[in-house]
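This report describes how two protein chains meet in a structural model. The model is shown first, followed by the account of the interface.

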Amino acid sequence: MSSGASLYALQRLVEQLKLEAGVERIKVSQAAAELQQYCMQNACKDALLVGVPAGSNPFREPRSCALL
Amino acid sequence: MATDGLHENETLATLKSEAESLKGKLEEERAKLHDVELHQVAERVEALGQFVMKTRRTLKGHGNKVLCMDWCKDKRRIVSSSQDGKVIVWDSFTTNKEHAVTMPCTWVMACAYAPSGCAIACGGLDNKCSVYPLTFDKNESMAAKKKSVAMHTNYLSACSFTNSDMQILTASGDGTCALWDVESGQLLQSFHGHGADVLCLDLAPSETGNTFVSGGCDKKSMVWDMRSGQCVQAFETHESDVNSVRYYPSGDAFASGSDDATCRLYDLRADREVAIYSKESIIFGASSVDFSLSGRLLFAGYNDYTINVWDVLKGARVSILFGHENRVSTLRVSPDGTAFCSGSWDHTLRVWA
């Protein structure tokens with residue numbers, strides 16, 4: 001019974017590994033270049049990276065204090 | 001009989017060696033394309049300057065450890081959940097609490113905001129994921145409208161709505177992930193493959209298609225096809241539990257944070273780990289990671305109470321943020337990237353910008 005279960009599990013593992021082995025891959029140099037390109041293209045919109053004009057980040061705006 | 005037993009043992013042995021040789025072949029294939037490191041490609045990119053990031057808001061109100069948080073698409077509301085069973089919806093601009101509900105269980109480890117902003121989902125030790133419509137009607141109690149959607153056989157560790165309020169993806173201590181229809185509570189797809197508790201999940205950015213990534217106590221990160229339930233890629237390079245996974249904004253990669261004190265970046269098209277974010281001085285686990293809008297920065301919350309900010313391309317740490325007085329358990333960048341929020345075992349949430 002237990003050997004039946006591990007047989008099944010192993011069969012599934014082998015099938016899964018065959019699937020993963022068959023994945024199409026590209027070179028790291030190409031993948032890295034594209035990750036970098038995405039960063040560069042979107043850097044100007046990234047408020048945490050480049051900051052935004054004073055007043056347009058709602059969290060950085062000074063909060064008004066009411067003097068009672 | 002006796003001969004059957006022998007035959008089965010042979011088959012087991014054959015399968016085992018086939019599995020081993022396939023694993024070896026997978027590593028070989030991956031290694032063939034490993035022609036360069038990410039930080040080498042990024043050498044000519046300008047280094048980042050000094051960062052001034054401070055706590056701009058502190059959200060106080062939870063009575064115990066904050067375990068999870070999520071932003072609303074409106075970029076200002078936040079839902080958070082705690083060990084004391086409370087789930088609170090905050091307006092992060094004013095720090096006002098807009099809604100609060102007490103769950104019937106403690107350790108609400110997962111919470112999520114619906115894309116419409118009209119509901120939240122949460123769960124934890126109750127093994128369920130429940131959806132609460134948000135109502136401003138003072139006569140209606142949130143708890144009355146609660147809808148139980150997901151049922152697991154162990155704790156709920158993570159949940160996320162898909163592109164609409166209609167479907168929820170869950171991850172559980174029972175080792176599986178599952179996709180549910182919110183209206184009917186029906187199980188649409190289940191995802192089996194992790195060898196231990198699944199601790200986290202993240203949906204691919206909508207343009208990239210129907211996949212999600214999960215991380216677990218089996219040290220693996222797995223990428224799944226939501227329609228077929230199949231695991232399409234798996235990565236096992238962390239040396240301990242994977243606590244947090246988050247897609248790179250383009251959808252071509254994802255980062256993970258682990259109890260092994262490192263964060264790692266995996267490129268999906270190269271099918272391998274392409275960067276490790278670590279330092280000898282960082283010895284506590286990373287509980288939670290998220291990218292800035294462009295993907296250049298990786299924010300990671302750690303069990304040593306700090307948040308480290310990493311240059312994703314160059315692999316270097318660019319900033320450490322202090323402020324929390326206990327473990328950072330959860331961290332998300334706001335939908336428009338103007339701020340990020342961290343939650344901690346010190347009972348508070350902080351919004352940084």
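## Contact and buried area

Contact here denotes heavy atoms within 4.5 Å. By this criterion, 65 residues of chain B are in contact with 42 residues of chain A. The model is predicted: local features need pLDDT of at least 70, side-chain atom pairs count only at pLDDT 80 or more, and totals for chains, interfaces and linings use all residues. Residues are numbered from 1 along each chain as its sequence is written, chains are lettered from A in the order in which they are written, and side-chain values use heavy atoms, with hydrogens and water left out.

The area buried between chain B and chain A (accessible area, 1.4 Å probe, lost on putting the two together and summed over both) is about 4,700 Å². Carbon and sulfur atoms give 69% of this area.

Arg25(A) forms a salt bridge with Asp271(B), with the closest N and O atoms 2.7 Å apart.

## Elements on the chain B side

Several elements of chain B give two or more residues to the side that touches chain A, among them helix H1 (2–32), helix H2 (38–41) and strand E21 (272–277). Helices (at least four residues) and strands (at least two) are DSSP runs numbered from the N terminus. H1(B) provides the largest share of that side, 12 residues.

Key
Salt bridge = Lys/Arg side-chain N within 4 Å of Asp/Glu carboxyl O.
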